[in-house]
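Open the structure in your viewer and keep the sequence panel beside it. Each stop on this tour says what to select and what is there.

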Amino acid sequence: NLTNEYMQPYIVFNNDMSDLYIKQCMIHSNLPYALERNELQVFYQPIYDPYTEKIVEAEALIRWIMPNGDVISPGLFLPTLEKNGHIAKVDYFVSHTVNKFIEDRLNSGRHVVPVTVNLSRMDFYDAKTPSAIIDEIIAKSSLRPYRMFEITESAYMSLNDRAEEMIGRMRSLGVGLLLDDFGSGFSSYGTIANYDFDIIKLDMQFIRMLGKNKKSGKIIRSIISMAHELGVKIVAEGAETREQVEFLKECGSDYIQGYYFSRPIPQSEFEKLLDEC
Ligand code: C2E
Ligand code: MG
Ligand code: MG
Ligand code: MG
């Protein structure tokens, strides 16, 4: 993967790679200015109740819109932000943008659903931003039922004191907490035992394996029933086909996020979908 190769002191160059390499260099030199130039945008991916086919929540996902209109996915620039310490600034921007979005919808009496924001493990190494994110939500109590945060399973394995404190504050305020990408890493049952989650997001690798690997269906089924046993809801990530959706419904998955229902879309398009609800 080129992101990692770029971090190395040298790179073996060939024609296939040159385009991506040039793109990667562009990303590196422009990233520090992306926020101030207003090039970072929050997209929203609606999450559906597959039984009613209604939108029940959404995930905020960052996109970098280049001046030429190219859309850069977070996989290409988040690792750099995590290394150079700027990720917390970006996550504050995403959380603040989502707050404004929800507040505007509520103030104008339009329909709105809870929106989740991804937090990086590296956010908690920043001295100010994590509390600024929470303080903003505390200051506006009407936002609280609509605000949720996702933290990945692997991030939970290495939380520092600041993260523990912030999660504690979020829980006592009733801000939703989701365990992201469950099943992708260490799949620690200790994490599930030690923290209270509102929702567990089942990593899309199991859905990708359906049909190719006989065990994956059984694993999906048992993770969903374990979650229900604990009183936690499940979002299945990455459903792209009718068959996958039908299977997940049959397994009792509470919610589904995937291209079958919708890709991540700009705010204006998401607003249109909400207005139709
Ligand atoms: P994630 O939090 O697990 O988000 C879900 C990813 O799965 C998104 O990729 C989404 O576009 C993709 N996805 C959803 N449904 C489907 C599907 O049916 N098929 C396929 N192939 N993909 C699907 P995206 O937007 O590229 O984000 C990648 C990761 O980057 C996210 O994974 C999250 O870990 C991170 N990320 C995105 N935005 C932010 C942000 O604002 N802050 C932080 N800290 N991380 C972010
Ligand atoms: Mg997520
Ligand atoms: Mg995820
Ligand atoms: Mg993921």
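Contact here means that heavy atoms lie within 4.5 Å. The model is predicted.

**Stop 1: helix α10**

Select residues 214-229, which form helix α10. This helix has 16 residues and reaches 24 Å from its first C-alpha to its last, close to the 22 Å expected at 1.5 Å a residue.

Now color Ser-216, Gly-217, Ile-220, Ile-223, Ile-224 and Ala-227, which are buried in α10. They lie on the same side of α10, because they cover an arc of only 130 degrees around the axis. Turn to the other side of α10 and you find Lys-214, Lys-215, Lys-218 and Glu-229, which are exposed.

What covers the buried residues of α10? Show β6 (176-182), β7 (199-202), α9 (205-209), β8 (233-237) and α11 (242-251), which are included in that cover.

**Stop 2**

Select Asn-213, which caps the N-terminal end of α10. A side-chain oxygen of Asn-213 lies 2.8 Å from the backbone nitrogen of Lys-215. Then go past the other end: α10 is followed by Gly-231, whose phi is positive, near 75 degrees.

**Stop 3: from α10 to α11**

Side chains of opposite charge can pair when their charged atoms come close. Select Glu-250 and Arg-221, whose side chains meet in a salt bridge (3.1 Å, N to O). This pair links distant parts of the chain, with Glu-250 in helix α11 and Arg-221 in helix α10, 29 residues apart. Glu-250 is exposed, with a relative accessible area of 53%, and Arg-221 is partly exposed at 34%.

An α-helix has 3.6 residues a turn, so residues three or four places apart point the same way. Glu-246 is partly exposed at 34%, and Lys-249 counts as partly exposed at 21%.

**Stop 4: Arg-105 and Asp-275**

Select Arg-105 and Asp-275, whose side chains meet in a salt bridge (2.7 Å, N to O). Arg-105 is in helix α4 (residues 87-107) and Asp-275 in helix α12 (residues 267-276), 170 residues apart.

A search of the whole structure finds 13 salt bridges.

Definitions and conventions
Residues numbered from 1 in each chain as written. Chains lettered and ligands numbered in written order. Predicted model: local features only at pLDDT ≥ 70, side-chain atom pairs only at ≥ 80, totals over all residues. Heavy atoms only, no water. Helix = DSSP H or I, 4+ residues; strand = E, 2+ residues; numbered from the N terminus. Expected span 1.5 Å × (residues − 1). Buried < 20%, exposed > 50% of the residue type's maximum accessible area, 1.4 Å probe, protein only. Arc of directions from axis to C-beta. Polar contact = N/O pair within 3.5 Å; in protein donor to acceptor, adjacent residues only side chain to side chain. Salt bridge = Lys/Arg side-chain N within 4 Å of Asp/Glu carboxyl O.
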